[in-house]
Structure formats: C-alpha cells, structure tokens
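Please consider the structure shown below.

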Amino acid sequence: MHTTDDLQKLLEILPQEIQQQLTQHPQRDTLVEVVLDLGRRPEARFPSQAQYLSEQLVTREQLQACVDRLSHFGADNRAGIEQTLHRISAIRNRTGEIIGLTCRVGRAIEGTIAMIRDLVETGQSILMLGRPGVGKTTALREIARVLADDLNKRVVIIDTSNEIAGDGDIPHPAIGRARRMQVARPELQHQVMIEAVENHMPEVIVIDEIGTELEALAARTIAERGVQLVGTAHGNQLENLIKNPTLSDLVGGIQSVTLGDDEARRRGSQKSVLERKAPPTFEIAVEMQERQKWTVHESVMETVDRLLRGQHPAVQTRSVSEQGQITITHEVPRVPLGRQSVQRTQPTSTPILKRPTPTRRVLPFPSRLETNPMVQTQPDWQRETIPLAQDTTEQAIALYPYQMSRSLVEQTIEQLNLPIRVVGGVERADAILTLRANLRKHANLRRMAEGYEVPIYAVKANTVTQIASTLQQMVGRDEQAIGSRSPLEASVPTPEWGKPAYNGDEDDEWDALEEARLAVEQVVIPKGQPVELLPRSAEVRKMQHEFVEHYRLKSTSVGTEPDCRLRIYPA
C-alpha cells in the first residue's frame, strides 16, 4: 500500500511547541488527530493511545492563530487546508467563539480496498458501514479512484464537507480522474445528489455519510436510474440500519404484515411479522470492524430477509495480513434451535403420548407481573429451549403451541421442569396445544391433527395457570387414560390438584390488565408500534380502555364479537 498524508502541512498550522513534539514523535506516521481545547493541555491521539504534547495549557491566542491559517469554516463547523485531505472541526461556545479544534489527519492509501476490489468491479452498489475512525472515507476515496482510473468509468463525488477530495476548488490527486461536486450546506446534499445525475451523466455516484431520510430517498432515486452507488452510512452493522427508521430505506424499508394461518405455521412464527418493503438501494454491504478486517454481505436482500425472519445470515469475513495476503472466510448460517429438523417416529395406530408417569409436583409459578400472554420481546430463534434436567432417559414430548404465546409455554415448561420441548410445526410435533376457541374456528387444525395422528390439548385461556395444568396432566397421564380418549378430544380441564386459588372472572380481568400494561410498556412506548391484545368481553375491554388512558395513549376496539379486541396506538 502507498500512503500520502501531507502531514507537514497540517503541522504548520499548529503552535510551534506542538509542531516540534509531533515532528520528533516516534508514532508520527500513525497520528489520527490533534485536539486543542481552551484551558487544557494539547493532546495527540494515535490508534492505540492518546498522549499529552505539552504541560502548557492552550490559550485563546493559540487557537486564533490556528484558525487564521485555515480556510473558512462552513455551516457544519468544518474547515480544511488547500489541496490536502486534512479536516479541522471547531467547537464553539454559546456566542459562536471557537474554543476547541479537532485537527484530523487525512490520508490517501492506495490499495486499501484490495479486499473488496472484486466487488467494486461488479458494478453493483456498495454501502460501507463502520464506527468513526475505522477508515470509511479513506476506502471511499480509493474506490472512486479505482473506478475512474482503472475501470474508466464516469465518477462524480458528492463531497459535502470536502473530506473526500480535500479543501479548495482543485480536488486532491487521490481521487484520480473522478469529478467532485461541492455542497454549499449539509442540508442540501440530497439536492446535489439528484443534480449530479441529471446534469453530468455519471456512471457512478460516490456519497459520504448518508444520514437523513431525504438523502436516503435521493439515493434510491439514483439507484433506480441505473447509476452505481458507493456510499457510507451511520451504523456499525447492517442490523443497525434495519432498526433505524430514518435509514432503513437503504436496505429496502421495513413494514409489518399479517400472515395467513398456513404461512405462519410454515414459518413457525407469529401472524404479525416484519418484512422488507422494497428492493434494497445497495446490493452489497461491507461492515468495517477493523482497518484490516471487514465483513461482507454479498446480497443485502437475502441478509435482511433472514434477519427479519430470525435467522442467521450467510456472510463473508475478509482480512488482509501485513504481507498483503487476503483471506476470505465463508460463515455458514446457523439453524436456530427451535427450527432444527427433528426425527419423528412414524405414526401408528397406538397413541403417540406414551410416557412414564413422573412424580407430580407443583412448583411456584413465575410472578404474573413477569409474564405476558401476547407480547414477545424477542424473536423465536433467540429463545433456545433449555435442556431438561429431570429424567434424562425419557424422550421429551415435542409440543406445537398453535396460535398461543410460545414464550409463555416455554416459561411454564422451564418452571415446572417438564419433559417437553417446543417445536415450530405440526409435522414435527407429538402433541398440539391450543385454545378451545381455535378448535371451533379452525377446522383445518383438526384435519392436520388427523393427518399426522397428533392429539390436541385445548386450554380455556392463554394464562400460566391454564397452561401449567394442561402440561402437567399431559406428562402425568397414564397410558390407559391416554388411550381411552380420542386424540382429537383430548381437551384437558383444570385438574383438582392444580386449581387456582382465585375466582376465574377475577383471573381474566387481572390477565387482561396485565396484558395491556406489558404491551404498553414493552412495545407501544419504547418501540412506537401499535399492538393488538387478545379478544375480551365488552366489560373487560372497557377496563383495558380506561387503563390505557392513564398512559395518555389512544385505543380502539377492532373486530366483531366474539373476537373483538383492543388495539393500542403509540402517542
């Protein structure tokens, strides 16, 4: 790699004492930036440490002398040195007076994109991600040069703060034959992006720091016109952009959709899921963890889809050694535990649930304030089933919770230490757990159970007490009791030994209010997303309405009886 830094020009604007210290410093070639703050000691920062350069405090006169040697500070409080890549940023007090300077060293490093040159040559749009100081702008500058000089493409750089091509009207030689368009004010960057496409017929547009929704929309417009985009955005990983409502359009945008029953069962997910809204603006994404180690997503579309479905994406890790040797490692995506294939026993005429009867013992239930029958705070693939501690010689029952809170079922199994594991589809299940209401409304559920010869266990309500009673009877039932009933009629009532101590109506009201509280505090307020609760009676819904009003949120009843339910909206 060949490095050009023009470091001496940056040192010349600094006070004489600091110049001498840095000129003789053994780590001069790796200097990142020099910080001058009024009334503090001057500081030099290197990749691995920071050092004070003098015992003398920085004065106003020294700061002003530095400012006088610079060009004009723009609206973004940045200035530069003519025909160099250095950037000087100012800190001002409330009256606008400069009281601090950050003098950042700009370097042009040829060969810094050797790890991804094959991707640059494909003509696909590339998005660079990484923390500040990891080298995004340096890589962007080198990509522009390679595309313009080596691949003979018409390249236009949108240089908002003159950081890519340097300060002044004549661009730095580091960008090669690429052209540079300057931006008068940072808020006008999106307009200059569109102007570049309309007026100068570029084949490639290079943009640094896409940070607003207007810039993201402008980038999409450019990509749809067939122009290759190379840019950087705020965020360390691709997942950061998915969660960022301002920039999520760069990866296709995110929307909430409602799946049909069959599709939700096939995926083993909830009916309401997040999906990508449109094709991504950038086809390739590069996460720059370190200067010599980058993670590559060759298909942003596939990566985003897998992340939204709770799956691990297929990525590449590319690194370069000090000798210039490039290593590419392909990471095979892991299969979430809850979705791994399970070897099933062929269905026979005998019932599947033949298990030794374990000792019945009722453990204390988790606090009802810690459980939520509707809201899940993590995708299913992040909640791995905990290995069972009791009776390890016994094969665990594979249970499929149909349209029920999977997290609540798993919590109950863990608390009671039952030989049951939760699976994501009826084809892998030994038993189905569902609400009694689903047996009346979903005839296809009975047909599926008949086809796989899987018994259905129905509960009255989606609560810890009801689920616990049913699961305990499921594993504690003797073979004669199981065989004496039709698999499709295995609707388990609450047993006498597990009856709750409180009235059923009071239980429903308590669960309804607790469900509303958790929905508000875990989803609506922190995530700004609407939530639909479970169907309730008109009287219980009225209590939920009044409860939600305490949070100054709006709610409405949706659906028709008996499926009428409350929908809570963010403020």
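## Basis of the model

This is a predicted model, in which local features need pLDDT of at least 70 and side-chain atom pairs count only at pLDDT 80 or more, while totals for chains, interfaces and linings use all residues. Residues are numbered from 1 along each chain as its sequence is written, and side-chain values use heavy atoms, with hydrogens and water left out.

Helices (H or I, at least four residues) and strands (E, at least two) are DSSP runs, numbered from the N terminus. Two strands pair if DSSP finds at least two bridges between them.

## An open antiparallel sheet

An open sheet is formed by 6 strands with antiparallel pairing, in the order β4-β3-β2-β7-β6-β5. The edges are taken by β4 (50–52) and β5 (78–80), each of which has a single partner strand, so one side of each is left without a neighbour in the sheet. On average, neighbouring strands of this sheet are turned by 20° against each other, direction ignored. Axes are lines fitted to C-alpha atoms, for helices over the stretch in contact, and angles run from 0 to 180 degrees between N-to-C directions.

Strand β3 (residues 43–45) is joined to β4 in the antiparallel sense by 3 bridges; Ala 44 has Gln 51 in β4 as its bridge partner. Helix α3 (residues 60–68) lies across β2 (33–37) and β7 (98–104), and runs at about 50° to β7.

## An enclosed strand

Strand β22 (residues 431–435) is largely enclosed by the rest of the structure, because 5 of its 5 residues are buried (under 20% relative accessible area, with a 1.4 Å probe and protein chains only). Ala 431, Leu 433 and Leu 435 point one way from β22, whereas Ile 432 and Thr 434 point the other way.

Strand β20 (residues 397–401) runs parallel to β22 and is joined to it by 3 bridges, with Leu 399 opposite Ala 431. Strand β23 (residues 456–459) also pairs with β22 in the parallel sense, over 4 bridges, and Val 459 in β23 is the bridge partner of Leu 435.

## A buried glutamate

Glu 287 belongs to strand β16 (residues 284–290). Glu 287 is buried but has no salt bridge (a side-chain nitrogen of Lys or Arg within 4 Å of a carboxyl oxygen of Asp or Glu). The nearest side chain of opposite charge, that of Lys 293, is 10 Å away.

A polar atom of the Glu 287 side chain lies 3.0 Å from the backbone nitrogen of Leu 238. Leaving aside neighbours within four places in sequence, Glu 287 is in contact (heavy atoms within 4.5 Å) with residues including Leu 129, Asn 236, Trp 294 and His 297.

Methods
Buried means under 20% relative accessible area, exposed over 50%, partly exposed in between (1.4 Å probe, protein chains only). Lys and Arg count as positive and Asp and Glu as negative; His and the chain ends are not counted. A polar contact is a pair of N or O atoms within 3.5 Å; within protein, one must be able to donate a hydrogen and the other to accept it, and residues adjacent in sequence count only if both atoms are side-chain atoms.
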